[in-house]
Amino acid sequence: MAIHECREDAERGTRNVELPVLESDPPPLPCFPCPHASNCCSWGVTLSDREAAGLGAAYGHEKVYKNRWGEWRTRVRKGKCVFLVDNACSIHDDPHYPAVCRGFPFIDAETGGPYRYDQTICPEFEQRDDLREVRRRGT
C-alpha cells in the first residue's frame with residue numbers, strides 16, 4: 001500500500017521524501033470520527049513548501065505559517081489544528097493533505113522510514129493488541 005509520495009524542489013530547500021510502500025496494509029484506525037478527540041491533531045503539523053502554498057491558496061494563508069526555524073506549519077486554535085472540524089480533518093481528501101498526516105502513525109514523512117516517535121499520541125496504540133505489536137516491530 002503506497003501511503004504518499006512527497007517530492008519537492010531541492011533547489012528551494014524542501015524535502016524530497018518518497019514514503020515507502022508498506023509490506024502489508026497497516027491495521028485500520030478509527031479516525032473518522034475519532035473516538036479520542038483527535039489527539040494527534042493537537043499540535044498542528046510541519047508542511048512542505050508545496051503543501052503550505054496549496055493549503056494557503058485553497059483555505060486562506062492565515063491557516064499556515066512559517067515558524068522561527070523556517071518550517072511551514074498548520075496553525076493551532078483552541079488546542080487543535082485549524083483544519084480539524086467537528087472532530088474530523090476537513091482537508092483529508094485535499095491533494096495538499098500533509099505527508100505527515102498521511103503517514104502517521106506508521107510512516108515518518110521526514111525520513112520515509114518507520115514512525116519512531118510517540119505513537120501513543122493515538123490512544124489506539126495502548127488499547128489494541130495488534131497495534132502494540134506494530135509498535136514493538138517499529139512499523
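Pro 105 is in contact with Leu 29, Tyr 115, Gln 119 and Phe 125, leaving aside its neighbours within four places in sequence. This is a predicted model. Pro 105 sits in the loop between helix H2 (99-103) and helix H3 (124-127). Its relative accessibility is 1%, so Pro 105 counts as buried. Pro 26 is 79 residues away along the chain, yet the C-alpha atoms of Pro 105 and Pro 26 are separated by 9.6 Å.

**The chain as a whole**

The protein chain has 4 helices and 9 strands. From the N terminus on, the elements run β-β-β-α-β-β-β-β-β-β-α-α-α. Of the 139 residues, 42% are buried. The chain exposes about 8,200 Å², and carbon and sulfur atoms supply 50% of that area. Take the contacts between residues at least 6 apart in sequence: 57% of them join residues at least 24 apart.

**Cores**

In soluble globular proteins, nonpolar side chains tend to be buried together. Here the largest nonpolar core has 12 residues. Cys 41, Val 45, Leu 47, Ala 52, Leu 55 and Val 64 belong to this core, and so do Cys 81, Val 82, Phe 83, Leu 84, Ile 91 and Tyr 97.

Leu 55 belongs to the largest core. Not counting residues up to four places away in sequence, Leu 55 touches Leu 47, Gly 60, Val 64, Phe 83, Ile 91, Asp 94, His 96 and Pro 98. Among these, Leu 47, Val 64, Phe 83 and Ile 91 are also members of that core.

The buried residues of H1 are Glu 51, Ala 52, Gly 54, Leu 55 and Gly 56. An α-helix has 3.6 residues a turn, so residues three or four places apart point the same way. Gly 60 follows H1, and its phi is positive, near 115°.

How many aromatic pairs does a search of the whole structure find? It finds 1. The ring centres of Tyr 59 and Phe 83 are 5.6 Å apart and the planes stand at 75°, so the pair is edge-to-face. The pair links distant parts of the chain, with its two residues 24 residues apart. Tyr 59 is in helix H1 (residues 49-59), while Phe 83 is in the loop between strand S7 (80-81) and strand S8 (84-85). Tyr 59 is partly exposed, at 31% relative accessible area. Phe 83 counts as buried, at 2%.

Most residues other than glycine have a negative phi. Ser 38 has a positive value, with phi near 50°. Asn 87 has a positive value too, with phi near 65°. Ser 38 lies in the loop between strand S2 (16-18) and strand S3 (46-47). Asn 87 is found in the loop between S8 and strand S9 (88-89). Asn 87 is partly exposed, at 25%.

**Accessibility of the residues discussed**

| Residue | Relative accessible area | Class |
|---|---|---|
| Tyr 59 | 31% | partly exposed |
| Phe 83 | 2% | buried |
| Pro 105 | 1% | buried |
| Asn 87 | 25% | partly exposed |

How values were computed. Residues are numbered from 1 along each chain as its sequence is written. This is a predicted model: local features need pLDDT of at least 70, side-chain atom pairs count only at pLDDT 80 or more; totals for chains, interfaces and linings use all residues. Side-chain values use heavy atoms; hydrogens and water are left out. Rings of Phe, Tyr and Trp (its six-membered ring) pair if their centres lie within 6.5 Å; planes under 30 degrees apart count as stacked, over 60 as edge-to-face and the rest as tilted. Buried means under 20% relative accessible area, exposed over 50%, partly exposed in between (1.4 Å probe, protein chains only). Contact means heavy atoms within 4.5 Å. A nonpolar core is a set of buried Ala, Val, Leu, Ile, Met, Phe, Trp, Tyr and Cys residues joined through side-chain atoms within 4.5 Å. Accessible areas come from the Shrake-Rupley method with a 1.4 Å probe; for residues, only the protein chains shown count as cover.
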